[in-house]
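Visitor: I would like a close look at a single part of this model, with the terms spelled out as you go.

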Amino acid sequence: MAERQKVTESPFTVGTAPFRPGDKPNLGGVWDAQPKDLWRPDPEKCLTEDTHAHANGLIRVLRDDHKADGEWNPQLSPDTLIEGLKHMVTLRVFDDRMIKMQRTGKLSFYMRSFGEEAVAVAQTMALENQDWIFPSYRQPGAQFVRGRDMVSMICHCIGNTEDNVKGRQMPVHYTWKEGRFISISSPVGTQFPQAVGVAMASAYKGLDEACITWLGDGTSAQGDYHYALNFASTFKPPVILNVVNNQWAISTHKNLATGGKNFAARGLAYDIPSFRVDGNDFLALYSVTKWARERAKKGQGPTHIEVYTYRAGAHSSSDDTSAYRPENEFETWPGGDPIERLKKHLIEIGAWSDEKHKQLEEEIDNEVMQAYKKACEFGDLASGPYPPASTIFTEVYEEVPWHIQEQREELGK
Ligand SMILES: Cc1ncc(C[n+]2csc(CCOP(=O)(O)OP(=O)(O)O)c2C)c(N)n1
Ligand SMILES: [Mg+2]
């Protein structure tokens, strides 16, 4: 009998990260793409084929010298830019404080948006108030834009008696009805088909309401992403579909999530106008999202966007990046820090200063600490009080089924 052939090399391609612990990372110099490279198509008349260059290039507004340039410049007022900067700084300071709380045992788990602050902030600012937000766990910033009270956010993270979801969700898995901020789900990707479905419902009702949703590079390897794109392609509802390519899915590099050169171009095959945008450029993100919203309003259907960025921090408080990527790899990220870039732009146009920035950071840090103390009045992780155990039976069924009722009575004993 012939000996079974030994496979010495993998018979197929297995992607890996370009740099591993111990390597000297080099994620490239400054990007070749410049703001003047790509034009802004008419959102009402744009066909998918008009966006081939946009899906394979990179939309930027902020130049390397921090001046705004090109057709995609949204021409925002300094006040609006400062508002955006404040939301981003709030998110970063909030995240830093919360991770410290987690490290000292005051929260059970936490996830930061470090390096990706522009994403949810700029994109939510470009929407209308009536629009629906279907986030992943890395878009809590949308809540600051929509005005959610910080105390309420912290109560949720602690899971105390004022947690609006009564301890039923993991920390950072916010839900906020008043802000049309749909519950984050732990199984990743579910928000994509949901957003398309709600957008279809809005269109059916004749309402001017768009949906926006985000998922990560890793999650885009799941079926949910493709189901959503296929429905969006077929029914053309008002939805903005974002793939946040931050290079990593916990310890798995994006090279294992796609064999393609980028994520944006996948939308072209579904006949959806597709854009690749510098995710650390507040102005570019705002502008592309505004374009997509305008298109949705005109009844022209979905837009697909790759938000090109870098996860500067660990995946979550349970992750240790030193196991799989070089230390400080993020410092070589050519896209830079989104807060620094907007700050420098504001200084460039004479609307901001280093002193004002420092003062802002201090004010926000103080606000976060006050909010944390206030939240703890409703219970802390170590000593409670927590929502009563009976809440595991409430607000799920309109009519409680008999077997659940039995369990409820059992608990009561
Ligand atoms: C369906 C499902 N599979 C796996 C997980 C475990 N998990 C949570 S986050 C994550 C990585 C997601 O990476 P990505 O989509 O790139 O988003 P990022 O964290 O980078 O924002 C994984 C595998 C999960 N929560 N749900
Ligand atoms: Mg990712």
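How do the residues of the shell around ligand 1 divide into nonpolar, polar and charged?

Guide: This is a predicted model, in which local features need pLDDT of at least 70 and side-chain atom pairs count only at pLDDT 80 or more, while totals for chains, interfaces and linings use all residues. Residues are numbered from 1 along each chain as its sequence is written, and chains are lettered from A and ligands numbered from 1 in the order in which they are written.

The shell around ligand 1 divides into seven nonpolar, six polar and three charged residues, where Ala, Val, Leu, Ile, Met, Phe, Trp, Tyr, Cys and Pro count as nonpolar, Asp, Glu, Lys and Arg as charged, and the others, Gly among them, as polar. In total 16 residues surround ligand 1, the closest being Val188, Gly216, Gly218, Thr219 and Ala249; a residue belongs here if its C-beta atom, placed from the backbone, lies within 6 Å of the molecule. Two or more residues of this shell come from each of strand 2 (211–216) and strand 4 (248–249), strands being DSSP runs of E with at least two residues and helices runs of H or I with at least four, numbered from the N terminus.

Along its principal axes the C-alpha trace spans about 80 × 70 × 55 Å.
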